[in-house]
Amino acid sequence: MAFANRIRSSLPLLSKILKSDSISAANASAAPRALLCPTFSDSELSRNFSTAPGNKDVKVKVPLALFGGSGNYASALYIAAVKTNSLDKVESEILDFVGAMTKSPTFSQFAKDLSVRADTRKKAIEDISAQAKFSEITKNFLLVLAENGRLRNIDTIAKRFVELTMAHKGVVKVIVTSVIPLPAEEEKELKETLQDLIGKGKTVKLEQKIDTSIMGGLVVEFQQKVFDMSIKTRARQFERYLRDPIHWDNL
C-alpha cells in the first residue's frame with residue numbers, strides 16, 4: 001500500500017514535468033540539436049542500398065529524430081523502405097537477421113570482428129540474403145553495414161529502426177522502471193496520463209522494467225527522453241545540496 005501511494009504521488013509530478021517539457025520542446029530551436037548530433041544526409045546513407053524499384057522522388061519525413069550513428073542508419077533504412085512500400089517486410093527481415101545472429105554466437109562474432117576483411121563479410125551477407133530471400137533493400141543495407149564495419153551495431157540499429165516503424169504506425173513505446181510491478185490501477189492512471197500528453201491518433205505501449213537499484217519511485221522513458229523520479233536520484237541530488245553550501249538558498 002505504501003509503495004502504491006508513492007507511485008500515485010509521483011503521477012501528478014510526472015504529468016507536470018511532461019507538460020512543461022513538451023512546451024519547452026515546442027519553443028526550442030532545432031539548431032542546437034543539429035550542432036550536437038550532426039546527421040548524414042539521407043542520400044549519403046541510403047544511396048548505396050536503395051536500389052529496389054519505388055518512388056524515389058517522394059519526400060519521406062522520419063517520424064522520430066534519432067541521433068548518433070545507429071540513429072542515422074536506422075533513419076536512412078526507414079526512408080528507403082517507405083519509398084519502396086516495403087516497411088513491414090524490411091522490419092521483419094532485419095529482426096530475423098538479428099535473431100539469427102543471436103542464435104549463432106559463431107556468426108555473430110564473425111560479423112562483428114573488424115579484423116575480418118570487408119569483402120569476406122559482404123560475401124557472407126550475400127549468401128545469407130540469398131538463402132533467406134531478403135528483399136533488395138534489406139540485402140543492400142546489410143552489405144553497407146558489412147562494408148562500413150557496422151554489423152557490430154546491428155542490434156542497436158534494429159532497435160532504433162523498430163522505434164521508427166512503431167512511430168509510423170502511431171505507437172509510442174514507454175518504458176517504466178520501478179522496484180516492483182506497478183499496481184493495475186497505477187499502471188492505468190499512468191497510461192492515461194501519457195495518452196493525454198501524447199495526443200489522439202497515437203497509442204501508448206507501456207513496458208514495465210524492474211530495477212531494485214532505483215530504491216523506489218519511477219523512471220519513465222519514451223521518444224529518447226528520460227524522466228527520472230527515482231528515490232536513488234533524489235537522494236543523490238539531496239546529497240549534492242548538502243555537500244555544496246552554495247545550493248542552500250535554493251532549498
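Student: How many bridges join β3 to β4?
Tutor: The model is predicted, so local features need pLDDT of at least 70 and side-chain atom pairs pLDDT 80 or more, while totals for chains, interfaces and linings use all residues. Residues are numbered from 1 along each chain as its sequence is written, and side-chain values use heavy atoms, without hydrogens and water. Strands (E, at least two residues) and helices (H or I, at least four) are DSSP runs numbered from the N terminus. Strand β3 covers residues 217-222 and runs antiparallel to β4, and the bridges between them number six.

Student: Which residue in β4 stands opposite Val 220?
Tutor: Two strands pair if DSSP finds at least two bridges between them. Opposite Val 220 stands Phe 227.

Student: Which residue in the turn of the β3 and β4 hairpin has a positive phi?
Tutor: Two residues lie between the strands of this hairpin. The phi in question is about 50 degrees, and it belongs to Gln 223.

Student: What is the order of the strands in the open sheet?
Tutor: β1 and β2 pair in the parallel sense over eight bridges. The edge strands, β2 (203-210) and β4 (225-230), each pair on one side only. The four-stranded sheet, with mixed pairing, has the order β2-β1-β3-β4.

Student: Is β1 largely enclosed or largely open?
Tutor: Buried means under 20% relative accessible area, exposed over 50%, and partly exposed in between (1.4 Å probe, protein chains only). Six of the eight residues of β1 are buried. Therefore the rest of the structure leaves β1 largely enclosed.

Student: What angle does helix α10 make with β2?
Tutor: Helix α10 (residues 184-198) packs on the sheet and touches β1 (171-178), β2 and β3; contact means heavy atoms within 4.5 Å. Axes are lines fitted to C-alpha atoms, for helices over the stretch in contact, and angles run from 0 to 180 degrees between N-to-C directions. The angle between α10 and β2 is about 135 degrees.

Student: How far apart are the end C-alpha atoms of α7?
Tutor: The expected span of a helix is 1.5 Å times one less than its number of residues. Helix α7 (residues 118-132) has 15 residues, so it should span 21 Å. The end C-alpha atoms agree with that, being apart by 21 Å.

Student: Why are the buried residues of α7 on the same side?
Tutor: The buried residues are Arg 121, Ala 124, Ile 125 and Ser 129. The arc is taken from the directions from the helix axis to the C-beta atoms. These residues sit on the same side of α7 because they cover an arc of only 130 degrees.

Student: Which helices do the buried residues of α7 pack against?
Tutor: Exposed Ala 130 and Gln 131 sit on the face turned away from the buried side. The buried residues pack against α5 (87-103), α6 (105-112) and α8 (136-147).

Student: Which residues touch the most other members of the largest nonpolar core?
Tutor: A nonpolar core is a set of buried Ala, Val, Leu, Ile, Met, Phe, Trp, Tyr and Cys residues joined through side-chain atoms within 4.5 Å. The largest has 32 residues. Those touching the most other members are Phe 97, Leu 142, Leu 145 and Leu 151.
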